[in-house]
Amino acid sequence: MAALTTTKDRYLAEFEALERQGALRSPSWLTPLRRSALARFAAAGFPTTRDEDWRYTNLAPLVASAFRPAEGVAAVGLLPTTLERLSVGATGWPRLVFVNGRYSARHSSPGPLPVGVRLSSLAEAMTIDGDVVARHLARHAGWDANVFADLSTAFARDGAFLHLPAKTSSETPIELLFVATTPGVLAQPRILVVAGPHSRATVVEHYVGLTDDAYFTNAVTEVVAGPGASLDHYTLQEQGAGAFHVATVHAALEGDSAFSACAATFGGRLNRTTLTLRFGGESGQGALSGLYVVGGHQHVDHHVTVDHAVPRCSSRQLYKGVLDGSARAVFNGRVIVRPDAQKTDANQTNKHLLLSDGVEVDSKPQLEIFANDVKCTHGAAEGQLAPEAIFYLRSRGLADATARTLLTLGFAREIVDRIAVEPIRAYLDGTLRARLRAARATKEMS
Amino acid sequence: MLSIRDLSAGVEGKTILRRVNLEVRAGEVHAVMGPNGSGKSTLAQVLAGHPAYTVTGGQVRYLGQDLLAMPAEERARAGVFLAFQYPVEIAGVSNASFLNAAVNELRARQGHPELDAMEFLGLVDERLKLVEMDRSFLSRPVNEGFSGGEKKRNEILQMAVLEPKFAILDETDSGLDIDALKVVAQGVNRLRRPDNAIILVTHYQRILQYIEPDHVHVLFDGRIVKSAGKELALELERKGYDWIREEVAATQPTGA
Ligand SMILES: Nc1ncnc2c1ncn2[C@@H]1O[C@H](COP(=O)(O)OP(=O)(O)OP(=O)(O)O)[C@@H](O)[C@H]1O
Ligand SMILES: [Mg+2]
């Protein structure tokens, strides 16, 4: 308990220090938001396993370490070859690059974009697009329940801003690359996507760690989709082995809009994603999916909440995990269907492939249905690779390890194949294969 | 080519095969018949190297090698192929990528370069024709949602692509309609060469009209109790297995 208090106090002291130095440079509307977020963080502190939402995810190792914002860290040079290797899309995709949480203009290429579409660092947006940012930043979510979102709001300085005015559409996906290079760093990227009526875009958040030492990324993404807007959001997480990765994604959807999220998790020591999708207008569509492929002592926690507050919306959740070694997965899928939300169509599936006896899974659906004319289904499954399938493949000449890899890829295919953007699909497929190859090599060595 | 000597095997402590003896020479087709549960599939699976079955006695020589000492994949690479009685469904793995992985694995072991996408498709297209299968089956997950007959055809497609030296077809004829049976049988015949051999497990003599066996064996309660020419299949079709049962009872009055 003492340790928890100390760490919290350190963050509070850090905040006061940054304010004194004027490093936070808040526009006037942001200061009260920061203060109230900080006050909530000060009151609540970091959650413990006594909190229902954190029962299976122990933050003690995160809380025990001291992380500091990348203030004094000089802009790290990234080799062009490194950037090349880490790019998901083709050249020509608009791309913002962040190093240790700070925007790196010299590595970024924010264009070309259709007329009217704004893509910039959040810091720049706060001055240039101040009113749009002010209208939406930290305004949509029920942030009070999420300490990590509060921490982000209190310290919000850097991140990405995308604004799509009505009827604009960015045909090329927009890539946000977050590179961690320095141990001990606290990176708090804040991403705000404001999609006007009938606009469309695809956004890729790509997290990469170039160090296997401990660091902490606390990312918050807010998506606001106007009527008829369509947004596809991807997260590719390849953090370093010692990383703590906490992500909060909140999507607020107006009528007839569509939002999809696909989160692929490979890296990090402790991962927690809190995703909330809130339908604020009729006939909205949400498709949420996740693939996590982890081993060793990795921990992956997905807390998904879909809030059907209005009628005739549909939501799909498909989360699949491949667990090896002593990895642990937590999935909590909450679907709320409020009394007015008739004709809701919600479904949720969570499946795990267990590749070793040492893994642990806590998967829980949480359906809270207060309307009667609705269709809500959920399912969960976990299992090992079928021995009959392994033998079938071996009987055709494939080595045991090859057979297992093929079957594991088969398990993941359902997620990979639903990715409509070919370069993203190909990148994920390549990462997945490399990951399974590496895991196999480690197994063969031991 | 294949020499089975006193082979005994079982599963989970239960004895299924009891001292099976069988000699298969290059170029031959052997039919193995016998009542349900007599051990035909067990024999097939043991020869293919299924790890669930325990060999408790005897030995199997295959092209001068100790077959039973080889893991399943080694046997396949040495040219052994089993067409499964119940082909396994594999979610998320397309027929094409499965065949591709298998072909290239074999080629790698034989010191041949991998086939590129064009060469592979060329090969598969040709073999699809042999079993009159549509190309659309390539993009579907292996056996998933295939009808019974389609699964059997898919087994023969794999056989046609992998070109084994020694194939065991475990009731490949069951579940095939009359036309499909002809197609599959013709496919198998086209794959026959003087230097390969086939064991054909079947309940019906119909397929033996198309793929003529050199020898017909009856497996009964884990033993080969009768071996003869192709006329034995006709006799079994006419008379059933009761007379075999009686013969066995007569020669082994003390029972098993
Ligand atoms: N994995 C297993 N576990 C338990 N029993 C088994 C297993 N495999 C086979 N058996 C038993 O061994 C006996 C022989 O089975 P097998 O499948 O070899 O018969 P078969 O001759 O192929 O029959 P069919 O004509 O019905 O295909 C049966 O009694 C069967 O139940
Ligand atoms: Mg059988």
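A polar contact here is a pair of N or O atoms within 3.5 Å. Keep that cut-off in mind as we walk through this predicted model, starting at the ligand.

With that limit, B:Glu171 makes the list, because one of its polar side-chain atoms lies 3.3 Å from an oxygen atom of ligand 1. B:Lys40 also reaches an oxygen atom of ligand 1 with a polar side-chain atom, at 2.8 Å. B:Ser38 takes part through its backbone instead: an N or O atom there lies 3.2 Å from an oxygen atom of ligand 1.

Now let's move to where chain B meets chain A. Chain B brings 30 residues to this contact and chain A brings 18. Together the two chains bury about 1,900 Å², with 65% of that area on carbon and sulfur atoms. Two salt bridges cross the interface. In one of them, B:Glu155 pairs with A:Arg396, and the closest N and O atoms are 2.7 Å apart.

Domain 1 covers 63–386 and domain 2 covers 387–446, and their C-alpha centres lie 25 Å apart. Where they touch, 34 residues of domain 1 are in contact with 25 residues of domain 2. The two domains of chain A bury about 2,400 Å² between them, 73% of it on carbon and sulfur atoms.

What links the two domains through charge? There is one salt bridge between them: A:Glu414 with A:Lys320, whose closest N and O atoms are 2.5 Å apart. Nine residue pairs, both members at pLDDT 80 or more, are in polar contact across this boundary. The elements giving two or more residues to the domain 1 side include helix 4 (80–86), strand 9 (200–209) and strand 17 (314–323) of chain A. The largest share, five residues, comes from strand 15 of chain A. Sorted by class, this side of domain 1 has 19 nonpolar, ten polar and five charged residues.

Terms used: Residues are numbered from 1 along each chain as its sequence is written. Chains are lettered from A and ligands numbered from 1 in the order in which they are written. This is a predicted model: local features need pLDDT of at least 70, side-chain atom pairs count only at pLDDT 80 or more; totals for chains, interfaces and linings use all residues. Side-chain values use heavy atoms; hydrogens and water are left out. Domain bounds come from an automatic or database domain assignment. Contact means heavy atoms within 4.5 Å. Buried area is the accessible area (1.4 Å probe) that two parts lose on being put together, summed over both. A salt bridge is a side-chain nitrogen of Lys or Arg within 4 Å of a carboxyl oxygen of Asp or Glu. A polar contact is a pair of N or O atoms within 3.5 Å; within protein, one must be able to donate a hydrogen and the other to accept it, and residues adjacent in sequence count only if both atoms are side-chain atoms. Helices (H or I, at least four residues) and strands (E, at least two) are DSSP runs, numbered from the N terminus. Ala, Val, Leu, Ile, Met, Phe, Trp, Tyr, Cys and Pro count as nonpolar, Asp, Glu, Lys and Arg as charged, and the others, Gly among them, as polar.
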